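Subject: Structure handover

Hello,

Here is the structure for you to look over. My notes follow below it.

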Amino acid sequence: MNGNFAWDIWVPFDKESLKTFPYYEIVVVIQIIGESFAAYFAMVPFDMFFVINMGLVCGQFHLLKAEFNNIGKNEDYNVVIKCVKQHNLILLSGSFRFIFIVAAASLQILFYCFCGQIIKDQSFSVSLAIYNSDWENCDRATIRSIQNIMCRAHREEIITMGGFQGLSLEGFVNIVRTIFSFTTVMRETIQYD
């Protein structure tokens, strides 16, 4: 218990009373729960957007299938025309939904990569902050320690996705390039078949 909170907070009473047992622990637990809820409600809507839209498309195909099952019973040419129009509409709306889903997924990846970029930049700025201090006025042992810290801090901290790709803006560009390259190869393969 050091009395520091994860985030600055405002309370309508003296903050010093929060630094005593059990109030400090209670506030820290509340902050952790709040962060968990914020992360949950920030990420789940993207995934649920995908699931809900795919469910809507499946429902439309199910209704279209039911219409096609009634064609032989009615022998009505207008029903066939209606089914063809409905099928084209489903395919068109599915394409638009796919574009929005890809945009939402890309935005979600961009959030991760942007936060990773901030961590990368902040970790690198530690060595600059040490360098800009008056470390040369310290004794020899302190200077040696500070130089070691600067060497370690000079390496950027990079958060990776399973060790494959760094989460940074450069990593986001690489992900987008890979996706478009894969899409182009798949489109060319499908056209030749």
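**Val79 and the cores**

Leaving out neighbours within four places in sequence, Val79 is in contact with Glu67 and Ile71. Contact here means heavy atoms within 4.5 Å.

A word on the source: this is a predicted model, where local features need pLDDT of at least 70 and side-chain atom pairs count only at pLDDT 80 or more, while totals for chains, interfaces and linings use all residues. Residues are numbered from 1 along each chain as its sequence is written, and side-chain values use heavy atoms, with hydrogens and water left out.

Val79 also belongs to the largest nonpolar core. Its six residues are Val57, Leu64, Ile71, Val79, Cys83 and Ile90. Helix H1 (23-69) and helix H3 each supply at least two residues of this core. H3 gives the most, with three residues. A second, separate core has five residues, including Ile130, Trp135, Ile146 and Met150.

The terms are as follows. A nonpolar core is a set of buried Ala, Val, Leu, Ile, Met, Phe, Trp, Tyr and Cys residues joined through side-chain atoms within 4.5 Å. Buried means under 20% relative accessible area, exposed means over 50%, and partly exposed is in between (1.4 Å probe, protein chains only). Helices (H or I, at least four residues) and strands (E, at least two) are DSSP runs, numbered from the N terminus.

**The salt bridge**

How many salt bridges does the rule give? The count comes to one salt bridge. The rule asks for a side-chain nitrogen of Lys or Arg within 4 Å of a carboxyl oxygen of Asp or Glu. The side chains of Lys82 and Glu67 meet in a salt bridge, at 3.9 Å from N to O. This pair links distant parts of the chain, 15 residues apart: Lys82 sits in helix H3 and Glu67 in helix H1. Side chains of opposite charge can pair when their charged atoms come close. Lys82 counts as partly exposed because its relative accessibility is 47%. Glu67 is at 25%, so Glu67 also counts as partly exposed.

**The surface patch**

Which residues form the nonpolar patch on the surface? They are Phe49, Leu89, Leu92, Phe96, Phe98, Ile99, Phe100 and Val102, with about 830 Å² of accessible area together. Helix H3 (residues 77-132) gives the largest share of the patch, seven residues. Leu89 is in helix H3. Leu89 counts as exposed because its relative accessibility is 57%.

Patches are made of residues with over 30% relative accessible area and no salt bridge; like charges are joined within 9 Å, and nonpolar side chains (Val, Leu, Ile, Met, Phe, Trp, Tyr) within 5 Å. Accessible areas come from the Shrake-Rupley method with a 1.4 Å probe, and for residues only the protein chains shown count as cover.

Leu91 is also found in helix H3. At 43% relative accessibility, Leu91 is partly exposed. Leu91 and Phe61 are 30 residues apart in sequence, and their C-alpha atoms are 9.7 Å apart in space.

Ser127 lies in helix H3. Its relative accessible area is 5%, so Ser127 is buried. A polar atom of the Ser127 side chain lies 3.0 Å from the backbone oxygen of Phe124. That is a polar contact: a pair of N or O atoms within 3.5 Å, where within protein one must be able to donate a hydrogen and the other to accept it, and residues adjacent in sequence count only if both atoms are side-chain atoms. Not counting residues up to four places away in sequence, Ser127 touches Met150, Ala153 and His154. Met150 is one of the residues in the second core.

Ser168 lies in the loop between strand E2 (165-166) and H5. Ser168 is buried, at 7% relative accessible area. Again not counting residues up to four places away in sequence, Ser168 touches Cys113, Gln117 and Lys120.

Ser181 is in helix H5 (residues 169-192). Ser181 counts as partly exposed, at 44% relative accessibility. Ser181 and Ala153 are 28 residues apart in sequence and 36 Å apart in space, C-alpha to C-alpha.

**Tyr24**

Is Tyr24 buried or exposed? Tyr24 is buried, at 10% relative accessibility. Tyr24 lies in helix H1. Tyr24 and Asn4 are 20 residues apart in sequence and 8.7 Å apart in space, C-alpha to C-alpha.

Best wishes
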